[in-house]
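Colleague: I'm new to this one and would like a close look at a single part of it. Could you walk me through it slowly?

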Amino acid sequence: MENPTRNLTSSSRAHAVRKLFAGAAALMLASCGPLISFGDDGPADDVFSLEYDGANVNTSDMATIIYVEEPLMSDGLGGVDVAVALENRKRTSLQGVRWSSNSTDLIRDYFIRAIGSVSGTRLLGQGAIDVQAGCRLGVKVWAFEFVPGVSAGDDRVDIEVEFILIRYNDNRLIGQPTFSASPQVSAANGEDIIDAFHDGMTNISREAGKWLAPLAGECALGE
Amino acid sequence: METRASYVLVGGFVLTFLAGLVAFAIWIAKVDLDAEYRDYDVYFEGTVSGLLKRSIVYYSGIPVGDVRDITLAPDDPSKVRVWIRLRAEVPVSDASIAQLQFQGLTGVAYIELSGGSPDAPPLEPHPGQERPIIQSAPSPILAIFESAPNLVNEAILAVGQIQKLLSDENIASVSGVLRNSDRLAGNLADSTDDLETMVADVKEILAQTKTAAAKINQLVENSNALIEDDAKQLVTEAITTMQTATTLLARVDGMVAANEGAVTQFVNTSLPEVSRMILDLRVTARNLSRLMSRIEQNPAGVIFGTKEAEYDLKKRSTVEDGN
């Protein structure tokens with residue numbers, strides 16, 4: 001027959017050993033702080049959107065549909081960070097400012113609305129992948145960045161976009177223009193920089209819409 | 001008593017004599033008082049050596065006129081103008097040709113006319129010309145004389161070539177060929193027995209060939225029999241196979257016809273979607289590949305981010321992350 005007192009003594013000893021291991025584990029985790037960092041809380045970033053401010057003219061033409069592809073971002077311009085082009089080909093991102101979504105999605109949605117309104121053509125994006133379209137519009141973004149100048153008054157935004165219009169029926173290249181804009185930044189803060197991005201996108205969309213309008217007939221379904 | 005002359009008789013005799021004399025002169029001169037003539041010019045290229053005034057002009061070998069004058073052409077001294085007079089009935093037209101000919105080897109030249117038709121309109125002078133102009137043709141005899149020097153040169157050259165051909169060396173070679181031919185003929189004559197042997201061999205070969213042909217004929221007959229027996233079964237099986245294939249094709253054709261609309265819709269609508277999907281998949285695959293590369297190179301950086309400088313708008317310079 002076993003001794004109850006002895007059993008009690010061994011149980012309390014095991015409990016003490018567990019506490020000791022738990023304390024050692026906590027100490028080890030605390031010592032890992034310099035090795036594993038989950039980020040500095042710091043001040044919150046300002047989050048901005050890229051939206052077309054003009055009137056959304058929805059065409060009734062169902063015969064001409066152009067599918068806008070996801071833009072291909074050059075030089076790591078994609079993501080939520082606002083790219084900054086420095087001297088000597090240095091690149092970085094803007095501190096405390098970021099886009100509300102991946103810049104590729106923002107640019108694509110902006111062009112769908114803006115170019116569609118200017119050209120009077122029905123442009124469809126990701127949500128309409130199963131809709132039969134006459135052409136696809138490839139978008140290559142060569143520049144989409146903030147370029148700080150020597151002083152705050154010299155700051156500007158560079159945007160350069162190449163469009164590639166291809167007809168599905170025969171895979172014929174209909175056009176491949178490149179448009180660019182470099183609007184000045186009125187003041188060195190996040191709001192004005194984003195406003196400059198909007199101005200540049202508006203200019204490029206206007207030029208692209210003028211280019212696309214006479215070519216839309218090439219993309220009519222059944223052509 | 002003085003004899004009284006009969007002046008009437010004398011005068012009549014004199015007049016008759018004179019008339020006879022004139023008729024005789026005309027007959028001697030062969031003057032044809034009723035004849036009419038027409039004058040023409042003929043321009044010859046080059047010399048008319050041997051042609052003189054009064055030279056005869058022939059038409060088809062008949063004398064029909066003569067040469068009235070020979071001068072240089074007024075506007076081209078390289079040509080000779082010959083003025084001829086022809087009887088009016090000679091048919092001269094644009095197609096008439098005048099050619100300088102020579103009688104034998106004496107060198108007496110004359111003009112031979114040819115061509116022309118009685119139905120053709122007569123040749124008339126052009127404005128500014130004294131007489132109509134008959135076309136001329138070069139004389140073949142003159143052409144021979146002109147080319148005679150060349151013929152002589154060619155003949156001399158040919159004689160030289162013949163002399164080379166008949167050189168002593170070539171003659172010796174021909175003699176050797178003749179000797180060899182003679183020897184060959186002798187050998188053929190000597191080998192008559194061998195020829196007979198050869199003919200006998202050929203006969204034997206032909207006999208063997210005949211036997212072989214008979215065997216081949218028998219083989220063909222056997223093959224025909226084989227084909228007739230076995231091929232029938234083979235053809236029957238082939239027909240069955242073709243019938244089965246035809247049935248299968250009919251079913252496939254019906255199936256395609258039944259689904260033609262769906263196939264057409266797939267080609268027209270779904271293929272572009274597939275194309276777009278493939279493009280998106282390619283973009284996605286590229287992004288995943290890029291992510292995997294980053295994970296392989298720096299897993300912690302992918303999860304927790306890399307340390308990089310950011311641009312501070314207030315300081316207008318880059319600052320290290322976290323500062």
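Which residue of strand 6 of chain A does Tyr67(A) stand opposite?

Modeller: Happy to, and keep in mind that what you have on screen is a predicted model. The residue you want is Leu124(A), which stands opposite Tyr67(A) in strand 6 of chain A.

Strand 2 of chain A pairs with strand 6 (residues 122-124) of chain A, the two running parallel and joined by three bridges. Strand 2 of chain A also has strand 7 of chain A as a partner, again parallel and again with three bridges.

What about the nonpolar core? The largest one has 48 residues, and Phe111(A), Phe163(A) and Phe197(A) are among those with the most contacts inside it. Strand 2 (65-68) of chain A is one of the elements giving two or more residues to this core, and others include strand 7 (135-147), strand 8 (156-167) and helix 2 (103-119) of chain A. Helix 3 of chain A gives the most, with nine residues. In soluble globular proteins, nonpolar side chains tend to be buried together. Zoom in on Phe111(A): setting aside residues up to four places away in sequence, Phe111(A) touches Leu123(A), Val139(A), Val161(A), Phe163(A) and Met201(A), among others. Apart from this core lies another, of 24 residues, including Phe44(B) and Ile84(B).

Strand 1 (residues 46-48) of chain A runs parallel to strand 5 of chain A, with three bridges between them, and Val47(A) has Arg98(A) as its bridge partner. Strand 4 of chain A, by contrast, runs antiparallel to strand 5 of chain A and is joined to it by four bridges. Arg98(A) turns up there too, as the bridge partner of Asp81(A). The hairpin made by strands 4 and 5 of chain A has five residues between the strands, and Asn88(A) takes a positive phi near 55 degrees there.

Strand 5 of chain A also takes you across to chain B: two bridges join it to strand 8 (residues 309-312) of chain B, and the two run parallel. Ser93(A) stands opposite Glu310(B) in that pairing.

Once you're in chain B, look for a closed barrel of seven strands, in the order 1-4-3-2-6-5-7, with mixed pairing. Neighbouring strands of this sheet are turned by 35 degrees against each other on average, direction ignored. Strand 5 (residues 97-103) and strand 7 (residues 133-137) of chain B run parallel, joined by three bridges, and Ala98(B) stands opposite Ser136(B) in strand 7 of chain B.

One last stop is Asp66(B), in strand 3 (residues 62-72) of chain B. Asp66(B) counts as buried because its relative accessible area is 14%, under the 20% cut-off. The side chain of Asp66(B) makes a polar contact with the side chain of Arg54(B), at 3.4 Å. Leaving aside neighbours within four places in sequence, Asp66(B) is also in contact with residues including Ile56(B), Trp83(B) and Ile84(B).

Definitions and conventions. Residues numbered from 1 in each chain as written. Chains lettered and ligands numbered in written order. Predicted model: local features only at pLDDT ≥ 70, side-chain atom pairs only at ≥ 80, totals over all residues. Heavy atoms only, no water. Pairing = 2+ DSSP bridges. Axes fitted to C-alpha atoms, helices over the stretch in contact; angles between N-to-C directions. Core = buried A, V, L, I, M, F, W, Y, C linked by side-chain atoms within 4.5 Å. Buried < 20%, exposed > 50% of the residue type's maximum accessible area, 1.4 Å probe, protein only. Contact = heavy atoms within 4.5 Å. Polar contact = N/O pair within 3.5 Å; in protein donor to acceptor, adjacent residues only side chain to side chain.
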